[in-house]
Amino acid sequence: MKVGILGGGQLARMLALAGHPLDLEFVFLDPAKDACAAPLGKHLNGALDNSLLLKELGQRADVVTFEFENVPAASVELLAATAPTFPPAGALAVAQNRLSEKKLFQTLDIPVPSFAAVNDLDELKQAIAFTGLPAVLKTRSQGYDGKGQVVLRRMDELAQIWQDFEGTPSILETFVAFQRELSIISVRGQDGEMLFYPVSENRHHQGVLDVAISRPDDPMQQRAEGFVRRIAEELNYVGVLTLELFEIEGELYANEIAPRVHNSGHWTIEGAQTNQFENHLRAILNLPLGSTEAIGFSAMINHIGSLPERTEVLQVSGAHLHVYGKACRPGRKVGHTTLQAKDEATLQLRLSQLQTPTNKAFAASG
């Protein structure tokens, strides 16, 4: 069986690493000549909307998927006409538009922070009367890792900030003082079966995920599962689907969905019976889903911009270093480390041995 993937970054790479033991082959379409997934399959080097390469991808693959939600929706629709393509194009369309996401959550009775659509400066001023300040202005599309968003705190800064947004269609959301940021990673098969990983508690630095820790038996687990199930069933979803959430005074509020394998689930590679990458492949290939049960306690540390010394990581018991094969540069995800332990106290100790911008606070919170 051959799997086609739109995108050739680290998520595509980890999908291929999970698929090779299953005797799967891979074809990647990616514009970067040095795409880090390329050594693991056939690399079609070109734009993600190149019609000739899309046709070749569809012809070469038995099934097609994508590694991130900013791929052109038209490319996914074109592929779906020639090869089985999962997740469905409709789910991608929702995930690519923050306003559509929020409206979907409301339709499904999933709580969200107050929000309003913004198309010009006057609408921004009117929206603030509804959301209050501080508030977060976000572009409706092309936003990830903190990009395309800014916190508004004063009325006298609105004109300059809107000018910086260059009239981009946006939404304004109430700034919420959350106690925790969580994500729930689910997998749904073609027959509608759904499984859920333990929620991950996440900490970010400068808008980029820094540390994620699995929380088996978290009190928010059942509620988070119910929310993501509603979304997956509404979208007739197939594959791994992630829902990002805020916990505020014991209640959960939806932030956004990711129609793909997710950074906060990298701990599943060593920390779950079946990791998220293998389960995504199982789902899109109509194979039986694997157990999502956690193996002990696990965490994941992102390596942003540069890699730690191997010795620094590998001297920590239970640590597993994953290097993506990408050139190091500021703000770029170039690898991650997973940590495992038999109990939470040991995990927190091991976490504190590896330095990141937030792990000390994370360990203290445990």
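Which strands does helix α6 (residues 121-131) lie across? Select the helix and look. Helix α6 lies across β5, β6, β7 and β8, and runs at about 175° to β5. Keep in mind throughout that this is a predicted model.

**Stop 1: the four-stranded sheet**

Now show the strands under that helix. They form an open sheet of four, in the order β5-β8-β6-β7, with antiparallel pairing. Color β5 (115-118) and β7 (149-152): these are the edge strands, and each pairs on one side only. On average, neighbouring strands here are turned by 25° against each other, direction ignored.

Zoom in on β6 (residues 135-139) and β7. The two run antiparallel, and four bridges join them. Pick A135: the residue standing opposite in β7 is L152.

**Stop 2: a charge over a ring**

Select R153 and F175. R153 lies over the face of F175, at 5.7 Å from the ring centre.

**Stop 3: aromatic pairs**

Show the aromatic side chains. The count comes to four aromatic pairs. Begin with F26 and F28. Their ring centres are 6.2 Å apart and their planes are at 10°, so the pair is stacked. Are these two residues buried or exposed? F26 is buried, at 3% relative accessibility. F28 is buried too, with a relative accessible area of 0%.

Move to F178 and F246. This aromatic pair is also stacked, at 5.1 Å centre to centre with 15° between the planes. F178 lies in the loop between β8 and β9 (180-188), while F246 is in strand β13 (residues 239-248), so the pair ties together parts that are 68 residues apart in sequence. F178 is partly exposed, with a relative accessible area of 35%. F246 counts as buried, at 9%.

**Stop 4**

How many of the residues of β13 are buried? The count is 10 of the 10, so β13 is largely enclosed by the rest of the structure.

Display β9 beside β13. Nine bridges join these antiparallel strands. For one of the pairings, pick S183: its bridge partner in β13 is E244.

Then bring in β14 (residues 251-258). β13 and β14 pair in the antiparallel sense over seven bridges. Select T242 to find A258 of β14 standing opposite. Follow the chain from β13 into β14. The two strands form a hairpin with two residues between them.

**Stop 4: D218**

Where is D218 placed? Look in the loop between β12 (208-214) and α8 (221-234). D218 counts as buried because its relative accessibility is 10%, under the 20% cut-off. Now draw its contacts. Leaving aside neighbours within four places in sequence, D218 is in contact with R180 and V199. The side chains of D218 and R180 make a polar contact of 2.9 Å.

**Stop 5: A74**

Finish at A74, in helix α3 (residues 73-80). A74 counts as exposed, at 55% relative accessibility.

Notes: Residues numbered from 1 in each chain as written. Predicted model: local features only at pLDDT ≥ 70, side-chain atom pairs only at ≥ 80, totals over all residues. Heavy atoms only, no water. Buried < 20%, exposed > 50% of the residue type's maximum accessible area, 1.4 Å probe, protein only. Polar contact = N/O pair within 3.5 Å; in protein donor to acceptor, adjacent residues only side chain to side chain. Contact = heavy atoms within 4.5 Å. Pairing = 2+ DSSP bridges. Axes fitted to C-alpha atoms, helices over the stretch in contact; angles between N-to-C directions. Phe/Tyr/Trp six-rings, centres within 6.5 Å; stacked < 30°, edge-to-face > 60°. Lys NZ or Arg CZ within 6 Å of the ring centre and 35° of its normal.
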